[in-house]
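Notebook open, model loaded. I want to go through the charged pairs, then the rings, then the packing.

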Amino acid sequence: MHYFFEQLINGLTLGAIYALIAIGYTMVYGIIGMINFAHGDVFMLGSFAALIVFLAVVTVFGGLPIAILLILMLVAAMLTTSLWNWVIERVAYRPLRGSFRLAPLITAIGASIALSNFIQVMQGPRNKPFPELTGITFQVGGLSVSFKQIFICALTAILLLAFWYVVRFTPLGRAQRATEQDPKMAALVGVNVDRTISITFVMGAALAAVAGTMFLVYYGVASFTDGFVPGVKAFTAAVLGGIGSLPGAVLGGLLIGVIEALWSGYFTIAYKDAATFAILAVALIFKPTGILGQTEVEKV
């Protein structure tokens, strides 16, 4: 039974990372009705930005406390990914917002390929190791819980609560909800739709940067290919929870993480990805809108 709970904790930790990425997918879809398929590589860019800043800071200012290092890594990763996602919105989405739906999809895929190849050329094709910052573990009821797991879950919970507050109770959140419901009407009542959409892209990128940094700290490695599989799984989490639903993205991310961890613990690890997507397919057969998704009523 202890093994089950340890795998459950591992799954929740991984699911917290997926949830942060999935929110970026669901936000962009909710506000403009399109999927940003470059989002997985934005997550990967966050990992590399955090790694580069860590190496630079340790080289110049060796011996800094771990808390300061993590803050610097997070800030650098969030700034880098926010700038990149802002460029994606301006270049790949805004000029094509009124065109047929495949056009921005194709440009987003192009941006994804360009970013992954740029990182490959600049950093090389080999995996980049990241040192263990702390090996502290706690014994809770006979279970071993690492400091990294507690930190990742706690930081994710804090960010999600802060994000929920912004969306529900601030002028920016009201502008985002208005733009999601009817962009033309929102513009008529004074909402700057273009700026609201750009800020939404930036917010999603910032959360992906946090996820990328946590992924780097948790697994201790960064690769230019890291954007694909976690990005696809986070998209799967957004669809499973209900694309366009923020609580659904969080729930879907946690479920995907737990399913993956439990499958890896009790069955062959070779089929953990197949099991995840199979469960998604079965869930969508019985609830096509996702767990917390709602059926959209098309206006005529």
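**Salt bridges.** I counted 6 salt bridges, taking a side-chain nitrogen of Lys or Arg within 4 Å of a carboxyl oxygen of Asp or Glu. This is a predicted model, so I kept its limits in mind: local features need pLDDT of at least 70, side-chain atom pairs count only at pLDDT 80 or more, and totals for chains, interfaces and linings use all residues. Residues are numbered from 1 along each chain as its sequence is written, and side-chain values use heavy atoms, with hydrogens and water left out.

I started with K233, which forms a salt bridge with D273, the closest N and O atoms being 2.5 Å apart. K233 sits in helix α9 and D273 in helix α11 (residues 272-286), so this pair ties together parts 40 residues apart in sequence. Helices here are DSSP runs of H or I with at least four residues, strands are runs of E with at least two, and both are numbered from the N terminus. Buried or exposed, I asked of K233? K233 is buried, at 2% relative accessible area, while D273 is partly exposed at 26%. My cut-offs: buried is under 20% relative accessible area, exposed is over 50%, partly exposed is in between (1.4 Å probe, protein chains only).

Next I looked at K272 and E260, whose side chains meet in a salt bridge at 3.3 Å, N to O. K272 belongs to helix α11 and E260 to helix α10, so the pair ties together parts 12 residues apart in sequence. K272 is buried at 17%, and E260 is buried at 7%. Through shared partners, salt bridges join K233, E260, K272 and D273 into one network.

I also noted K148 with E132, a salt bridge at 3.4 Å, N to O. This pair links distant parts of the chain, with K148 in helix α5 and E132 in the loop between β1 and β2, 16 residues apart. K148 has a relative accessible area of 14%, so I put it down as buried.

**Rings.** My search of the whole structure gave 13 aromatic pairs. For pairing, the ring centres of Phe, Tyr and Trp (its six-membered ring) lie within 6.5 Å; planes under 30 degrees apart are stacked, over 60 edge-to-face, and the rest tilted. F147 and F151 have ring centres 6.2 Å apart and planes at 20°, so I logged the pair as stacked. They are 4 residues apart in helix α5, about one helical turn. F147 is partly exposed at 32%, and F151 is partly exposed at 23%.

F215 and Y219 make a tilted pair, 4.8 Å centre to centre with 45° between the planes. These two are also separated by about one helical turn, being 4 residues apart in helix α8. F215 is buried at 12%, whereas Y219 is partly exposed at 40%. F43, F215, Y218 and Y219 form one aromatic cluster.

**Core.** Which residues touch the most other members of the largest nonpolar core? I17, I32 and Y93 do, out of 52 residues. I define a nonpolar core as a set of buried Ala, Val, Leu, Ile, Met, Phe, Trp, Tyr and Cys residues joined through side-chain atoms within 4.5 Å. The largest share of this core comes from α1, with 13 residues. I listed the contacts of Y93 (heavy atoms within 4.5 Å). Leaving aside neighbours within four places in sequence, they include I32, F37, P104 and F201. There is a second, separate core of 20 residues, with A50, L51, V57 and F130 among them.

T236 lies in helix α9 and is buried at 4%. Beyond its neighbours within four places in sequence, T236 is in contact with I256, F277 and L280. V167 is in helix α5 and is buried at 11%.

**Surface.** Last, I found a nonpolar surface patch made of I136, F138, V140, F147 and I150, with about 410 Å² of accessible area together. Areas come from the Shrake-Rupley method with a 1.4 Å probe, and for residues only the protein chains shown count as cover. Patch members have over 30% relative accessible area and no salt bridge; nonpolar side chains (Val, Leu, Ile, Met, Phe, Trp, Tyr) are joined within 5 Å, like charges within 9 Å. I136 is in the loop between β1 (128-129) and β2, partly exposed at 45%.
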